[in-house]
Amino acid sequence: MGKQVFEGVKVADFSWVAVGPQVARELAFHGATVVRVECHRWPETTRTAGPFKDGKTGIDRSAFATAYNTNKYGISLDLNTPRGQEIATRLVQWADVVTDSMSPGAMAKWGLDYESCKKIKPDIIYYSTCQMGQEGPYRQFKGYGMLGVSYAGYCNLNGWPDRDPLPLFNNHSDFISPYYLATALIAALLYRRKTGKGMYLDQSQVEVGINLLGPTVLDYMANRRIATRMGNRDQYHAPHGLFPCKGADRWVAIAVTSDKEWRMLCRVMGNPDWALDARFSTALGRKNSEDEIEALIGEWTVNHTPDEVMTLLQHAEVPAGIVQKAEDLFSDPQLSHRDHFRFLEHKVIGRHAYHSPAYRLSKTPCDIRKPGPCLGEDNEFVYREILGLSDDDIAELLIDGVVTCDTDSPEVLRAQ
Amino acid sequence: MDFDNASLLSGCRVLDLADEKGALCGKLLGELGADVIRIEPPGGCVSRNTGPFYHDTPHPEKSLHWYFTNLNKRGITLNLETADGNDLFRRLVESADFVIESFEPGYMEELGLGYGDLEKINPRIIMTSITPFGQTGPYSGYKAPDIVGVAMGGMVYISGELDRPPNRLSCPQFYFLGGLHGATGSMVAHYHRELTGEGQHVDVSCQQAVVLSLMIVAEIWDMLQYSYRGMGPTYAGARPNAPPLFSRVIYPCKDGHVFCLITGAAQAGMVASSKALAEMANKDGMAAELQDYPWQTIDAATITQEELDRIIEPLKEFLATKTKAELFEEALERGILLAPITTMKDVAESPQLAARGFWQEVHHPELGETITYPGYPIKLSETFAHTPRRAPLVSEHNEEVYVGEMGLTKNDLVFLKVNGVI
């Protein structure tokens, strides 16, 4: 593997849960040295939430905790002790980037807020990411991503017009925010190379979410239209929706966006008589009869698997796609071609799947080589090699409980 | 050029060929201060026909989708399929830093403008190609309007009601996610280029971008061999030593709906939140049966569905009696895990967004008014002056670029126009 893009870039990763760690992961994918700071006494949410290997809880058994921390080194350090905070400042001294995804004010309790870090290292680049941003009347919003997603307007746009809005299980804005921030963070790294100046980046995840609803927002701003949920319909195209297929809870998505695609769809379905209905020959006509048409298409799709429908239609240049379940993603031939899932051997979980970036760089491919760390897994390497502590220092820290270990974990998460 | 924006990507030029399948990428680079030139076919790009429209007037200069995704870009027209057009593009590449495109895989190569060709013109060039599934592979030729794309990425299956098909989010995300990851990938390549002088090709898959947005859906399959399925306004929690727990999360209220977490103590703050919500209800003379409920004894790992439903019922009744604003105000004060399910109107009127200075006013002289746009969601300590520029009109900057910067004459432009080059 060739030289990695961010080789030599150093990140002190204090961030919790999803957004903060994913930003650092993007740098870690491409060779940055990222040290993740955690503590057995209060394990962060991804370690307690699961999913756990075989459904069995354990501080190092959660794939949520590993998936977002590919290629990172992990140390255990109790930041609630003066000595722990002192060690953390040494890590800041070492770092190019410091990460924060706590509620506003939390890092300050440990002396690790931006201003404090700037005193330690004037050109530090420091990012804070939280639901609402660092300032404002709602800055203390008790936010998980699911609440931020509701506040940003997504839930209202999810579901059926005749039913309650639906949640977005994936806490959508939590998974778009990291890429917005990573883009800016890399620009900040380059800015520092040019000017010697550091940077503080204060991201609001709700604001990122709103940005990806841009046209819908403008529809309100310019037209005072309050968009609402439409099931699987589209304002501008028909037929457009999900169609039942052979198998349990199996569906295919089909969207016809032109007369030509309509004719090809009919041909693939064997030119059924109902398709010759004059009402269906125009786009407007199809839109006005969409319920009827979609029921009829469903009578055809139900005899096929989603893959069959997709293949037949795509070869006729009609847009169609399997409604993929998680299981399907792992056998998807295109994702396999892209080598999306990489399998790494984790000390506790065993061999399991990690994501890779959505972009492929032709000359500097990323190197996905290290599973997300067990808590404290790299203590020796980081304390000794990076921070230059002696074996005696490290022993003392362990004895004093500043460097925590498994027996400090909550009972329910301790290794058996 | 009247760009008064000295900022992080100052001095970088982006040639943006991407239609709606990649437009967000150039927009994000423009937000960081790059000079983004949107290059459209003569007469304008077909994506100008994407709704919604300003005052519902379907006109190529009134697409709100176009306005949003092409904010801060300049606009020129160019027909790459003519020899003159091809030439002009190569000249532009000589001094450009990024090329972004979203054509079908192979199209740029056919024109002699693939990455291998551009690299010869300018070894520093970064070419970012954004397609539904990537440049190569069994699905690389597949067509993917939003619903097809997000379905293939796994995002549709995780949302829905159990008695209906899964559902797509009623706001397109597929190509926005691809554009977003395209911007990140472009910046990784840019960092490498700044250090080494070497450009490269950035090949983006919108499908992968969707897979990366699924939180733990892939991990749940990998660990538990379960494919998460949307099941209405509830969350399901798998539990090692008990049947799964279904927790309602969306509740009707007086003027809409709220999202509220009322479950056991699994997540930080849940005990305090549930207690505070019950107290709020009690104060209103409701949920009397939950007075003195021993919230801290709830074990999320073993609480029965019956018990949880018993707790939720009176709270659901209470929530229905209050407005979103009333509930949210209390939630903020008392630490209740609750958020309003906002409409676009609520978003526009949010005091938090106003306090953050989130909105930006963009002047549209042709419309005779200013429209409020979402602003940049990250505050940077190094601030840069920036006047937002509305999306370009068709061929708006032809003269500025071709004549002003490239030394063509106005007569050349007429000639090229008549010959279908611009």
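Reader: Among contacts in chain A between residues at least 6 apart in sequence, what share joins residues at least 24 apart?

Author: Happy to start there, and please keep in mind that this is a predicted model. Two residues count as in contact here if their C-beta atoms, placed from the backbone, lie within 7 Å. Taking the contacts in chain A between residues at least 6 apart in sequence, the share that joins residues at least 24 apart is 68%.

Reader: How many of the residues in chain A are buried, as a percentage?

Author: The chain has 18 helices and twelve strands, and its C-alpha atoms fill a box of roughly 85 × 50 × 45 Å along the principal axes. A residue is called buried if 20 or more other C-beta atoms lie within 10 Å of its own. Of the 416 residues in chain A, the buried part is 59%.

Reader: What distance separates the centres of the two domains of chain A, domain 1 and domain 2?

Author: The domain assignment gives domain 1 as 10–212 + 338–413, with domain 2 covering 240–327. Taken over C-alpha atoms, the centres of domain 1 and domain 2 of chain A are separated by 43 Å.

Reader: Which helix of chain A gives the most to the side that touches chain B?

Author: The contact takes 127 residues from chain A and 126 residues from chain B. By class, the side of chain A has 70 nonpolar, 37 polar and 20 charged residues. With 16 residues, the element of chain A that gives the most to this side is helix H8 (residues 172–195).

Reader: Which strands are the edges of the seven-stranded open sheet?

Author: Its order is E12(A)-E6(B)-E5(B)-E4(B)-E1(B)-E2(B)-E3(B), with mixed pairing. Within chain B, E1 and E2 run parallel, joined by four bridges, and Val14(B) stands opposite Val36(B). An edge strand pairs on one side only, and those strands are E12 (359–361) of chain A and E3 (73–77) of chain B.

Reader: At what angle does helix H7 of chain B run to E5(B)?

Author: Helix H7 (residues 174–196) of chain B lies across E12 of chain A together with E4, E5 and E6 of chain B. Relative to E5(B), the helix runs at about 160°.

Definitions and conventions
Residues numbered from 1 in each chain as written. Chains lettered and ligands numbered in written order. Predicted model: local features only at pLDDT ≥ 70, side-chain atom pairs only at ≥ 80, totals over all residues. Helix = DSSP H or I, 4+ residues; strand = E, 2+ residues; numbered from the N terminus. Nonpolar A, V, L, I, M, F, W, Y, C, P; charged D, E, K, R; others polar. Buried ≥ 20, exposed ≤ 12 C-beta atoms within 10 Å, placed from the backbone. Domains from an automatic or database assignment. Pairing = 2+ DSSP bridges. Axes fitted to C-alpha atoms, helices over the stretch in contact; angles between N-to-C directions.
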